[in-house]
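Open the model in a viewer and keep the selection panel at hand. The stops below go through chain A and then chain B.

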Amino acid sequence: MSRRQMHLAAHFPGVNNTTVWSEPESGSQIEFSSFAHMARTAERAKFDFMFLAEGLRLREQNGAIYDLDVVGRPDNATILAAVAAVTEKLGIAATVSSTFNEPYEVARRFATLDHLSGGRAAWNVVTSWDTFTGENFRRGGYLAQGDRYLRAKQFLDTVMTLLDSWHGDEIVADKAGGEYLRNPDAGRFDVHVDQFDIRGRFSVPRGPQGRPVVLQAGDSDEGREFAASTADAIFTRHGSLEAGQAFYADVKRRLAAHGRTEDQLKILPATTFALGDTQAEAEERGHEIRRQQVSGQTALRFLEQVWNRDLSNLDPDGPLPDVDPLVVDADAPRVSQGRAADRMYRDPLATAREWRERAAVNNLSIRDLMTEVTSRQSFVGTPQAVAEEMERFVEQRASDGFILVPHITPTGLDEFADKVVPILQERGSFRADYTGTTLRDHLGLAPLDTHAKV
Amino acid sequence: MPDTPLHLGVLLDGAGRHPAAWREPGARPAELLTAGYWADLVAEAEHGLLDLVTIDDSLGLQSADPFAPDDRTDQVRGRLDASMLAARIAPLTAHVGILPTVVVTHTEPFHVSTTIATLDYVSSGRGGVQVRVAARPDDAALFGRRTIPTDRDALLRELFGEAGDAVEVIRRLWDSWEDDAIIRDAATGRFIDRERLHYIDFEGPHFSVRGPSITPRPPQGQPVVAALAHRAEPFALVGTSCDLGFVTPRDAADAHAVIGSIREAQAAAGREGETVHVWADLTVVLDDDPSAARDRLARLDATDPYTDDAGVFAGAPAELADLLDHLRTAGLSGFRLRPAVLPDDLRQITRGLVPELQRRGLFRTGYEASTLRGLLGLPRPADRYATAGSAR
Ligand SMILES: Cc1cc2nc3c(=O)[nH]c(=O)nc-3n(C[C@H](O)[C@H](O)[C@H](O)COP(=O)(O)O)c2cc1C
């Protein structure tokens, strides 16, 4: 019996309400020991990679820095370079914006990270465009929402041109003969596109993977198309079986037009879990975690993000407001700033209608409703049940694996690693050990042709 | 100890400072892009109780011509990003300070600030940065976003002005979170006290940056900022913005004059009360037998003739100790040695020079502090915003 293999990744707990910081076991979100702990757990469990999200400006709501969730993160590529020192096989994936960076620097960082990790680097290309974040950067905020993928595409292409400017066989280092480099033109590049006009020689020779594994997290039609044309994996929020299957089919269907096959793009939804010795115990634990994740205050802030209005006067244990959401242009400032998810509710009026109906039917308060709509765990049950359910998602083509988002830093993955992973391994749906050394190996992606772009 | 002990750092670059270093028998030129090579070097520096290592870097590919790219194939070409490398090495060491070289023109001060703060976290307080400018048109072409003035004086004024602004932004961002900003107050549901987070609102000709940082204040509060300085504009940068300047005097008298310029800038910036270290850079070729050292330098120069911007010393560790002891009378608090060949001359420093200096009571016999600021005798600074109260 050979089961469809799944891929597993660990999302270091982030700066939203999924991360519960008030529990006694909640550790530091910034000390290196936390990153080392989670990375070692993920490696012990033979995960494909550990993933870090990025936000380049602290979130604000109603004009003040948002203080209800974890705040404060390291620089992603830098912390992952250190994680490479305490792991040997685990892939390391850094989210890095294509808007508030230049291709030359990003190419240097990822080529370096790939060398320093022995071929384990991945880049999650995100297309932040907001003026709010731009206030921290030279470039400022200038991208119209519609231009974000134009820049992202040219950015990614340019980074790849730089990375491909070395083929991997240039350094001979022949002491006796005095030849260090075989080719005086190694690293030469010349890019003239509307976003970038750059030339010279790239300074970092080719890393073990050639290019980092590319992840993408966009969800719009353009975002999916971008992923289908260039990404090795998609990080998605479509968590239910049905939504997952629809997304999966949609994205995989797009691949052929780009001359790619289905196994060249992995679909990995963000996944949360609650475990227990019995189903009832797991349900109870899941419920308890959700109550911690959605306090009354947090529920109001969530509602404000959809309503795009200050609703701090409402009672979180009372009903939804009568006033409708305030609809503004995609590029206009909102009551909440600095959140990638703000634009998730593409039709706030429809969302409001749907939520009012749901609240009326089930007699839900604001907090009850927000608890239901925002943070239900993807998998709740005994380790055995969760393992089987995850397999079902993979076999029924709702995903190729999962990016697990634990709710506790840094130990939130330990229980999953100790209890669920051995079952998956036993059942033959997840690797018992690493079979390769690079992240491309773990993901089953073919090595790149080093002379592909000569 | 008879006198104030000396501080010692080393500059690590490729196979060594000398362009012919990679051809020496002990060199490992095929390993320059591996973590293992650098881990060995930094472990050796730590074995020698050195204050710090700096890891050299540039935006573009190395070139033998300081003002233009070249297409030589007989020297080391290609290198790793020094900040990433520093972070990769940091968890493998416990005492030595680690300063990557970072270009602060062209790049984003926000990213430099969070990168070095992160280095400080992963090294538990041993992080710093050597800032530099990228002055060549071919550097600018890698970014494609500006043209470089052709008048060299105007250019240096502009670039060092920008570097000063960058350091100001980097430092303000480090302070933009007060040390106790994270409160984890379950009773009120607040993770941070936002009154203890501060906008930095820097505005300058090259960039404006709002803040606060996305990274909490690093362990040292302010990681160590250093710069290499050869002329008036960088002397001013050291005096105004840095904790440590690397200078290249011809002799003790020259060192005295250079230190004078730096102290003037320091006073003008109102920093008289602060310690600003000035260390001389010196490229070294060392051997117990001094004539063997001189022969080796001659052999290196015969393979690939080289003049350094700093002085070049070839001789025995004891002779070097004499020279350092003499030069320090000019007011230098330490030296950054540039091993001509790696790992050979680094081992001569840690196993020859260091014991010699220790015998003379001029160098530490054990690490006396756990942070780089501690090793350099710099206090952990108060947060500039803490006394100012809330920014909002
Ligand atoms: C699962 C997921 C994770 C994301 N993570 C980040 C992130 O860490 N940082 C960021 O700036 N944007 C992040 N984004 C935002 C996307 O990069 C993109 O900007 C956003 O989804 C808008 O693009 P779209 O309209 O194509 O969806 C994420 C999006 C998704 C769906």
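Where is the place of A:N363 in chain A? This residue sits in the loop between α10 (348-362) and α11 (366-374). The model is a predicted one, and every value in this tour is computed from it. Select A:N363 and check its backbone: phi is near 55°, a positive value in a residue other than glycine. Most residues other than glycine have a negative phi. A:N363 is exposed, since its relative accessible area is 69% and the cut-off for exposed is over 50%.

**Helices of chain A**

Next select residues 103-116 of chain A, which form helix α3. Its end C-alpha atoms are 20 Å apart, in agreement with the 20 Å that 14 residues should span at 1.5 Å a residue. The helix is mostly covered, with 14 of its 14 residues buried. Just after α3(A), stop at A:G118, where phi is positive at about 65°.

Move on to helix α5 of chain A, residues 148-163. From first C-alpha to last, its 16 residues reach 22 Å, close to the expected 22 Å. This helix is also mostly covered: twelve of its 16 residues are buried. Among them are A:R148 and A:R151, along with A:F155, A:L156, A:V159 and A:L163.

**A charged patch on chain A**

Select A:D277, A:E281, A:E284 and A:E288 together; they gather in a patch of negative charge on the surface. A:D277 belongs to the loop between β14 (273-275) and α8 (279-293), and at 62% relative accessibility it counts as exposed.

**Salt bridges in chain B**

Over all chains, the count of salt bridges comes to 77. Begin with B:R338 and B:D309, whose closest N and O atoms are 2.6 Å apart. B:R338 lies in strand β13 (residues 334-339) and B:D309 in the loop between α8 (290-303) and β12 (311-315), so the pair ties together parts that are 29 residues apart in sequence. B:R338 is buried at 0% relative accessibility, whereas B:D309 is partly exposed at 33%.

Then show B:E274 with B:R271, a salt bridge of 3.1 Å from N to O. Here B:E274 is partly exposed at 42%, and B:R271 is buried with a relative accessible area of 7%. A further pair is B:E368 and B:R364, at 2.7 Å from N to O; B:R364 is buried at 8%.

For a network of salt bridges, select B:E168, B:R172, B:D175, B:D179, B:R217, B:R380, B:D383 and B:R384.

**Loops of chain B**

Is B:W177 buried or exposed? B:W177 is buried, with a relative accessible area of 0%. Its loop runs between α5 (152-175) and β5 (182-185).

Go to B:D201, in the loop between β6 (190-192) and β7 (202-203). Its phi is near 40°, positive in a residue other than glycine, and its 44% relative accessibility makes it partly exposed.

Two peptide bonds end the tour. The bond from B:G211 to B:P212 is cis, with omega near -10°; B:P212 is in the loop between β8 (208-209) and β9 (224-229). B:L342 and B:P343 are also joined by a cis peptide bond, with omega about 0°, and B:P343 lies in the loop between β13 and α10 (344-359).

Terms used
Residues are numbered from 1 along each chain as its sequence is written. Chains are lettered from A and ligands numbered from 1 in the order in which they are written. This is a predicted model: local features need pLDDT of at least 70, side-chain atom pairs count only at pLDDT 80 or more; totals for chains, interfaces and linings use all residues. Side-chain values use heavy atoms; hydrogens and water are left out. Patches are made of residues with over 30% relative accessible area and no salt bridge: like charges are joined within 9 Å, nonpolar side chains (Val, Leu, Ile, Met, Phe, Trp, Tyr) within 5 Å. Accessible areas come from the Shrake-Rupley method with a 1.4 Å probe; for residues, only the protein chains shown count as cover. A salt bridge is a side-chain nitrogen of Lys or Arg within 4 Å of a carboxyl oxygen of Asp or Glu. Lys and Arg count as positive and Asp and Glu as negative; His and the chain ends are not counted. The place of a charge is taken as NZ of Lys, CZ of Arg, CG of Asp or CD of Glu. Helices (H or I, at least four residues) and strands (E, at least two) are DSSP runs, numbered from the N terminus. Buried means under 20% relative accessible area, exposed over 50%, partly exposed in between (1.4 Å probe, protein chains only). The expected span of a helix is 1.5 Å times one less than its number of residues.
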